[in-house]
Amino acid sequence: MMLMNEPLVLGIETSCDETGVGIVRGIDLLADSLATSVDLHARFGGFIPEIASRAHVEAMLPTLERALAEAKIKLSDLDAIAVTRQPGLVGALLVGVAAAEGLAAGLGIPLHHVDHLDSHIAVDVLENGLLTEPAVALLVSGGHTSLMFVEDITIGAEILGTSMDDAAGEAYDKIARLLGLPFPGGPHIDRLATEGNSEFVRFPRGLTAPHDLVEHRFDFSFSGLKTSVARWIETKEKEGIEISVPDVAASFQEAVVDVLTSKAIDACHERGVEVLLLGGGVAANSRLRALAQERAQAQGITLRVPPRKLCTDNGAMVAALGSLRMSAGRPATRQP
Ligand code: KG4
Ligand code: ZN
């Protein structure tokens with residue numbers, strides 16, 4: 001088996017609403033080209049799968065061309081292609097997989113089908129160097145909320161827990177909508193919360209009661225929180241009391257990040273791990289980063305957080321995982 005130290009890998013990501021094409025050499029980022037259909041969904045106040053798939057078809061070739069130009073390479077220079085296989089919307093995934101299969105077959109190079117969540121973890125090497133394993137990763141986005149244990153990312157992470165209902169980002173987006181803020185609401189709540197009092201209302205912390213911890217120690221639930229915020233707003237409106245949006249945003253956000261960080265630290269303890277990694281779009285949240293840092297530091301745990309641009313879905317994360325797999329001698333999922 002051929003081991004490559006610094007393979008030149010192109011990664012394709014289309015699992016949700018971002019068409020991402022990234023290029024890495026070893027663990028150096030050469031290009032990270034992105035097109036997003038988020039504005040098309042914003043008109044409907046939520047995510048529409050068919051719109052995302054069509055947008056991927058249109059964006060794929062221009063995004064690929066921009067990535068090649070940015071990296072200053074030709075397709076024929078590539079050693080391998082990597083593509084997101086799962087999880088995601090099937091119509092959206094298919095566009096990326098078809099493009100990757102075509103490129104790999106046409107160029108006669110190996111193809112690595114990779115897991116989207118593993119890629120969110122692998123991307124950190126592009127900024128912070130090789131991951132110290134074992135580690136725990138907390139991945140929070142509009143589509144997922146997962147606590148993962150990472151022994152060796154080139155063979156895939158183990159899922160310790162996940163959201164039983166809404167993803168963390170989805171909860172942000174739904175509460176933002178209730179508060180009359182635009183989609184996607186996470187960044188707006190983040191910004192408004194800095195002006196609010198996070199102890200204004202104590203909203204419920206899902207799946208943290210002792211009886212919940214027996215079966216759901218590392219799982220999350222945000223639907224009860226969402227209902228609780230909705231009821232609270234409704235009651236105040238009925239009473240004719242004006243709502244302080246920054247205070248509600250800050251109190252809601254505190255309930256989310258409190259649970260996320262306490263379960264992540266608990267997972268580090270349970271697995272005897274000293275490294276915690278954050279990823280996904282919600283990892284851009286300033287309060288989540290601050291509280292995770294505070295709680296990790298207090299426990300002697302090192303926190304690793306990729307830069308904001310690499311936390312959200314992108315092609316570079318897929319290329320990074322493909323490159324790590326090649327360096328570790330993992331076989332391609334499709335040989336030339
Ligand atoms: O990873 P991502 O770009 O796409 C997927 O969902 O896969 O994550 C998007 C989610 C949205 O729900 C958005 O509201 C949330 O991440 N988000 C944030 C922040 N920035 C993005 N949530 C809270 N605070 C932020 N600063
Ligand atoms: Zn994602």
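## Ground rules

Residues count from 1 along each chain as its sequence is written, and chains are lettered from A and ligands numbered from 1 in the order in which they are written. Since the model is predicted, local features need pLDDT of at least 70 and side-chain atom pairs count only at pLDDT 80 or more, while totals for chains, interfaces and linings use all residues; side-chain values use heavy atoms, with hydrogens and water left out.

Helices (H or I, at least four residues) and strands (E, at least two) are DSSP runs, numbered from the N terminus.

## Helix 10

Helix 10 covers residues 245-271, which is 27 residues.

Buried here means under 20% relative accessible area, exposed means over 50%, and partly exposed is in between (1.4 Å probe, protein chains only).

## Helix 6 against helix 10

Two packed helices are described by the angle between their axes and the distance between the axes. For helix 6 (residues 168-178) and helix 10, the angle is about 175° and the axes are 11 Å apart. Axes are lines fitted to C-alpha atoms, for helices over the stretch in contact, and angles run from 0 to 180 degrees between N-to-C directions. The pair is therefore roughly antiparallel (over 145 degrees; under 35 is roughly parallel, 65 to 115 roughly perpendicular and the rest oblique).

Who touches whom? On the helix 6 side it's Ala168, Ala171, Tyr172 and Ile175, and they meet Phe252, Gln253, Val256, Val257 and Leu260 of helix 10. Contact means heavy atoms within 4.5 Å. By class, that contact has eight nonpolar, one polar and no charged residues. Ala, Val, Leu, Ile, Met, Phe, Trp, Tyr, Cys and Pro count as nonpolar, Asp, Glu, Lys and Arg as charged, and the others, Gly among them, as polar.

Arg177 also lies in helix 6, and at 58% relative accessibility it counts as exposed. Leaving aside neighbours within four places in sequence, Arg177 is in contact with Phe44 and Gly45.

## Asp124, a buried loop residue

Asp124 is in the loop between helix 4 (116-122) and helix 5 (125-128). It's buried, with a relative accessible area of 1%. Beyond neighbours within four places in sequence, Asp124 is in contact with Gly129, Leu277, Arg304, Val305 and Pro306.

The side chains of Asp124 and Arg304 make a polar contact at 2.5 Å. That term means a pair of N or O atoms within 3.5 Å; within protein, one must be able to donate a hydrogen and the other to accept it, and residues adjacent in sequence count only if both atoms are side-chain atoms.

Most residues other than glycine have a negative phi, and most peptide bonds are trans. Lys72, in the loop between helix 2 (49-71) and strand 4 (80-86), has a positive phi of about 55° and is exposed at 74%. Leu207, in the loop between helix 7 and helix 8 (210-216), has phi near 55° but is buried at 14%.

As for cis peptide bonds, one joins Glu133 and Pro134, with omega about 5°, and another joins Phe183 and Pro184, with omega about -10°. Pro134 lies in the loop between helix 5 and strand 6 (135-140), Pro184 in the loop between helix 6 and helix 7 (186-193).

Notes: The expected span of a helix is 1.5 Å times one less than its number of residues.
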